[in-house]
Amino acid sequence: MTDAPPPSLPFDLDGFERSAALNLDPATFAYLANGSGSNTTRDANRSAWDAWALRPHVLRDVSRIDTATTVLGAPVDLPVLVAPTAMQRMAWTDGELAMARATAAARTVLVTSMAASYSVEEVAAVAPDGTRWAQLYLLRDAGRTRALAERARDAGYAAIVLTVDGAAVPYGRRRLADGLTLAQPFSFPNMLLPGEPLDTPLTSLVNDFDPATTGADIERLASWSGLPVVVKGVLRGDDALHAVDHGAAAVVVSNHGGRTHDGCVATAVALAEVADAVAGRVEVYVDGGIRAGIDVARALALGARAVLVGRPTLWGLAVDGTPGVVAVLDALREELVRVMAFCGAPTLADLSRDLVEPATREHPRP
Ligand SMILES: Cc1cc2nc3c(=O)[nH]c(=O)nc-3n(C[C@H](O)[C@H](O)[C@H](O)COP(=O)(O)O)c2cc1C
């Protein structure tokens with residue numbers, strides 16, 4: 001709960017991106033920043049949020065603003081979760097560990113990637129009180145996926161996030177890495193089977209997603225882990241319903257930050273259809289291009305329970321490790337507080353659909 005007046009320091013997440021670009025070598029920055037193809041989808045994700053204009057309420061008491069909510073029953077201080085991103089040691093020496101400390105300090109949820117540079121157990125150990133979800137893909141080598149789901153459960157992760165937007169990856173990627181060569185040796189501790197040494201070469205597995213993944217796999221993962229399964233990478237209402245019918249506990253509207261296939265619908269466009277189709281049966285989250293508190297408010301008005309942010313947290317990490325990520329999350333919270341006050345919405349539940357409209361609506365005739 002924040003008492004008025006909220007802090008009003010101007011904050012520029014793009015400035016964090018520029019600083020990160022200076023701190024990282026160009027190939028690493030390009031790997032983190034790029035989308036696939038011509039970056040059309042990555043960039044459309046950002047501009048599509050701007051295409052929603054606010055229709056603020058006035059004459060509402062906004063002397064107190066509350067950004068707290070719950071996700072899958074877990075309390076969070078702000079509706080901004082940290083998206084899974086691979087190999088965070090590329091951005092900061094102790095990558096995922098620094099990210100986990102920051103996420104716990106900000107009292108929100110960390111989603112740890114299957115391709116993390118630290119193990120799910122190491123990430124859990126540095127911030128044991130934080131809420132963590134474990135992201136994974138169904139690999140063709142399903143035993144490794146199952147082993148990770150069981151390890152995540154045993155390490156106290158509260159949910160599995162099954163990413164389902166990788167079906168085209170086994171058929172080849174178009175321009176993502178721009179000449180990146182991984183620092184050797186780069187290990188993937190979450191893909192190891194029990195007893196395998198850390199230096200087992202697993203790089204070839206990182207993209208070896210099972211292209212035969214279907215709705216039935218949601219049920220399989222839930223039974224392996226005993227955890228709720230969040231399905232990430234949905235862009236259509238019918239697919240969201242299909243996932244829910246197969247036991248999804250929540251869905252994430254996501255196109256992977258424009259990194260899987262270019263030329264795809266922006267998430268700010270897809271969100272309302274998914275939220276309407278699901279109609280409250282499960283929670284809906286969204287990611288892609290969220291760079292300001294106003295984007296968070298737009299997403300919640302369109303039906304999301306919370307958003308995830310990917311690259312901004314990597315820029316925070318690359319600039320200053322844990323304090324850098326905390327600064328990014330704090331800035332998003334402070335901006336959200338200001339937008340909620342502007343909209344006459346003292347709680348997140350007050351961010352209703354009528355608060356947004358397409359910015360390009362023609363002016364009514366006088
Ligand atoms: C460098 C990088 C690595 C990523 N790795 C993963 C991953 O391992 N698993 C996954 O589900 N999504 C991954 N994503 C996608 C993010 O979870 C998220 O969907 C996306 O970054 C959101 O868009 P934003 O970066 O514009 O916020 C990755 C994104 C980036 C930028």
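This is a short tour of the model, stop by stop, with something to select at each one.

Before you click anything, note that this is a predicted model, in which local features need pLDDT of at least 70 and side-chain atom pairs count only at pLDDT 80 or more, while totals for chains, interfaces and linings use all residues. Residues are numbered from 1 along each chain as its sequence is written, and side-chain values use heavy atoms, with hydrogens and water left out.

**Stop 1: strand 8**

Select residues 131–136, which are strand 8. Helices (H or I, at least four residues) and strands (E, at least two) are DSSP runs, numbered from the N terminus. Five of the six residues here are buried, so the strand is largely enclosed by the rest of the structure. Buried means under 20% relative accessible area, exposed means over 50%, and partly exposed lies in between (1.4 Å probe, protein chains only).

Strand 7 (residues 109–112) pairs with strand 8 in the parallel sense over four bridges; two strands pair if DSSP finds at least two bridges between them.

Strand 7, helix 5 (residues 120–126) and strand 8 make a right-handed β-α-β unit. Strand 8, helix 6 (residues 142–154) and strand 9 make a right-handed β-α-β unit too. Right-handed means that, with the strands pointing away from you, the path from the first strand over the helix to the second runs clockwise.

**Stop 2: the nonpolar cores**

Show side chains for I160, L221, L271, V286 and W315. In the largest nonpolar core, of 106 residues, these five touch the most other members. A nonpolar core is a set of buried Ala, Val, Leu, Ile, Met, Phe, Trp, Tyr and Cys residues joined through side-chain atoms within 4.5 Å. Helix 11 (residues 311–342) gives this core its largest share, 13 residues.

Zoom in on L221. Leaving out residues up to four places away in sequence, L221 touches L136, L138, T145, A149, I160, L162, G226 and V229. Contact here means heavy atoms within 4.5 Å. For a second, separate core, of 15 residues, pick L81, V109, W133 and V230, which are among its members.

**Stop 3: helix 3 against helix 9**

Select residues 40–50 and 267–278. Helix 3 and helix 9 pack at an angle of about 65 degrees, with their axes 7 Å apart. The axes are lines fitted to C-alpha atoms, for helices over the stretch in contact, and angles run from 0 to 180 degrees between N-to-C directions. N45, A48 and W49 of helix 3 make the contact with T267, A268, V269 and L271 of helix 9.

**Stop 4: helix 4**

Select residues 95–105. Helix 4 is mostly covered, with eight of its eleven residues buried. The cover over those buried residues includes strand 6 (80–82), strand 7, helix 5 and helix 11. Just past the end of the helix, R107 takes a positive phi of about 55 degrees.

**Stop 5**

Most residues other than glycine have a negative phi, and most peptide bonds are trans. With that in mind, go to N39, which has a positive phi of about 65 degrees although it is not a glycine. N39 sits in the loop between helix 2 and helix 3 and is buried, at 9% relative accessible area. H256 also has a positive phi of about 65 degrees without being a glycine. Look for H256 in the loop between strand 11 (250–253) and helix 9; at 19% relative accessibility, H256 counts as buried.

**Stop 6: residues brought together**

Which residue lies 300 places from P56 along the chain, with their C-alpha atoms separated by 8.2 Å? Select V356 to see it. P56 is in the loop between strand 2 (52–54) and strand 3 (64–65) and is partly exposed, with a relative accessible area of 34%. P56 touches F342, C343 and L355, not counting residues up to four places away in sequence.

Finish at Y31 in helix 2 (residues 26–33). Y31 is buried, at 13% relative accessible area, and its C-alpha lies 9.5 Å from that of M90, 59 residues apart in sequence.
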